[in-house]
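Have the coordinates open as you read.

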Amino acid sequence: MQIEKGCVVRSISGRDADRFYVVMSLEKDFALISDGKVRVIDKPKRKNVKHLRPTKTFIDVDSLTTNNQLRQALRAFNNPEAV
């Protein structure tokens, strides 16, 4: 599966391992990812795509205007018991 803009991904390395993010944009071999909490929409994290694993879920990032909306979209991934 390919990593694209709007794809929900899981980080597999680093301090943020096993957390879920949304790909806001792509730059060559890097993805800019946000989760709306630690990494807000205005300051996404630049992460190598080989350290990310895509899921089958896509979110329309153009419709996300606030960090709260992004957190709500990722709630099922980061807090499975909260659903």
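## Starting from Leu-74

Leu-74 is buried, at a relative accessible area of 1%; buried here means under 20% relative accessible area, exposed means over 50%, and partly exposed is in between, using a 1.4 Å probe and protein chains only. You'll find Leu-74 in helix 1. A note on provenance: this is a predicted model, where local features need pLDDT of at least 70 and side-chain atom pairs count only at pLDDT 80 or more, while totals for chains, interfaces and linings use all residues. Residues are numbered from 1 along each chain as its sequence is written, and side-chain values use heavy atoms, with hydrogens and water left out.

What is Leu-74 in contact with, leaving aside its neighbours within four places in sequence? The list runs Val-8, Phe-20, Tyr-21, Val-22, Ser-34, Asp-35 and Ile-59, with contact meaning heavy atoms within 4.5 Å. Asp-60 is 14 residues from Leu-74 in sequence, and their C-alpha atoms are 12 Å apart in space.

Helix 1 covers residues 67–78, and its buried residues are Leu-70, Leu-74 and Asn-78. Looking down the axis, these buried residues fall within an arc of 65°, so they line one face of the helix; the arc is that of the directions from the helix axis to the C-beta atoms. As background, an α-helix has 3.6 residues a turn, so residues three or four places apart point the same way.

Strand 1 (7–11), strand 2 (20–27) and strand 3 (30–34) are what the buried residues of helix 1 pack against. Phe-20 is buried with a relative accessible area of 15%, and beyond residues up to four places away in sequence it touches Val-8, Val-9, Arg-10, Asp-35, Thr-55, Leu-74, Phe-77 and Asn-78. Phe-20 and Asn-78 are 58 residues apart in sequence, yet 6.1 Å apart C-alpha to C-alpha.

## The whole chain

Helices (H or I, at least four residues) and strands (E, at least two) are DSSP runs, numbered from the N terminus.

Buried residues make up 34% of the 83. Of the contacts with a separation of 6 or more, 48% are between residues 24 or more positions apart. The C-alpha atoms fill a box of roughly 30 × 25 × 25 Å along the principal axes.

## Out in the loops

Asp-18 lies in the loop between strand 1 and strand 2 and is exposed at 53% relative accessibility. Lys-28 belongs to the loop between strand 2 and strand 3, and is exposed at 83%.

Val-38 is in the loop between strand 3 and strand 4 (45–48). Buried or exposed, where does Val-38 fall? Val-38 counts as exposed, at 64% relative accessibility.
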